[in-house]
Amino acid sequence: MLKKVLYLILAGAAGFFISFGIRVTINDNKFVTAEWERPPIIIICNDSSLTPYNISKAIAWWEIREKYIFNYYFDTKNEICRDGEPSKGFIVIKSTGELPDDAYAVTTKYSNWGKMNSAVIILPNKNNKIPRLVEHELGHALGMAHIDEIGHMMNPIIEYGGESFWIP
């Protein structure tokens, strides 16, 4: 009897770990890794030289594709940006932070079980005029991953990216 109970416990544990591994693998291979429950608010830190035109253009690009932003604000008094990690519902854009050597910008997504909570985009001022870069990083903050398709906005190599967008 004890042997059967042990086998049941082991089988249950094995089943749990296998299903968890499958879920992680599926999520790692998804293009849309997480989605916002409500449109987020973008906070642009006072160290960023992004202009209202730059950010409005990027937001409009995504809204045409039915990915929405509630609004954006410039944190000129550094009231929100100084707190570190953003609160739920916010995408924070700042110009300072650590970047890999081969990156123009980096986005960190904070999500839980497929739901976006917040995101931080580090976009150095020297790079914020690179065509499509703000739109690309905003795509990550909206929950998108990279895709190796020539001409796609979310291509990881900017020279191979473009204005095209589709969800594979």
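In this predicted model, Ser 48 sits in the loop that runs between strand S1 (41-45) and helix H2 (52-64). Ser 48 has a relative accessible area of 13%. Buried means under 20%, so Ser 48 counts as buried. Its side chain reaches the backbone nitrogen of Leu 50 at 3.1 Å. Setting aside neighbours within four places in sequence, Ser 48 is in contact with Ile 93, Ser 95 and Asn 125.

Turn next to a strand pair. Strand S4 (residues 106-112) and strand S5 (residues 115-122) pair in the antiparallel sense, over 7 bridges. Pick Tyr 110 to follow the pairing: its bridge partner in S5 is Ser 118. The hairpin of S4 and S5 has 2 residues between the strands. There, Trp 113 takes a positive phi near 50°.

H3 gives the largest share, 4 residues. The space in the largest pocket is about 430 Å³. Its lining has 22 residues, and those nearest the centre are Ala 105, His 136, Glu 137, His 146 and Pro 156. By class, the lining of the largest pocket holds 10 nonpolar, 7 polar and 5 charged residues.

The second largest pocket holds about 160 Å³ of space. Which residues line the second largest pocket? Among them are Val 32, Ala 34, Glu 35, Trp 36 and Arg 38, along with Glu 66, Lys 67, Tyr 68, Leu 142 and Met 144. Pro 39 and Pro 40 belong to the lining of the second largest pocket as well. This lining divides into 8 nonpolar, no polar and 4 charged residues.

Technical notes
Residues are numbered from 1 along each chain as its sequence is written. This is a predicted model: local features need pLDDT of at least 70, side-chain atom pairs count only at pLDDT 80 or more; totals for chains, interfaces and linings use all residues. Side-chain values use heavy atoms; hydrogens and water are left out. Buried means under 20% relative accessible area, exposed over 50%, partly exposed in between (1.4 Å probe, protein chains only). A polar contact is a pair of N or O atoms within 3.5 Å; within protein, one must be able to donate a hydrogen and the other to accept it, and residues adjacent in sequence count only if both atoms are side-chain atoms. Contact means heavy atoms within 4.5 Å. Two strands pair if DSSP finds at least two bridges between them. On a 1 Å grid over the protein atoms alone, a cavity is a set of points where a 1.4 Å probe fits but cannot get out, and a pocket is an open set with protein on both sides within 12 Å along at least five of seven lines; lining residues have an atom within 4 Å of a point. Grid points are joined across faces, edges and corners, and a volume is the space filled by probe spheres set on the points. Ala, Val, Leu, Ile, Met, Phe, Trp, Tyr, Cys and Pro count as nonpolar, Asp, Glu, Lys and Arg as charged, and the others, Gly among them, as polar.
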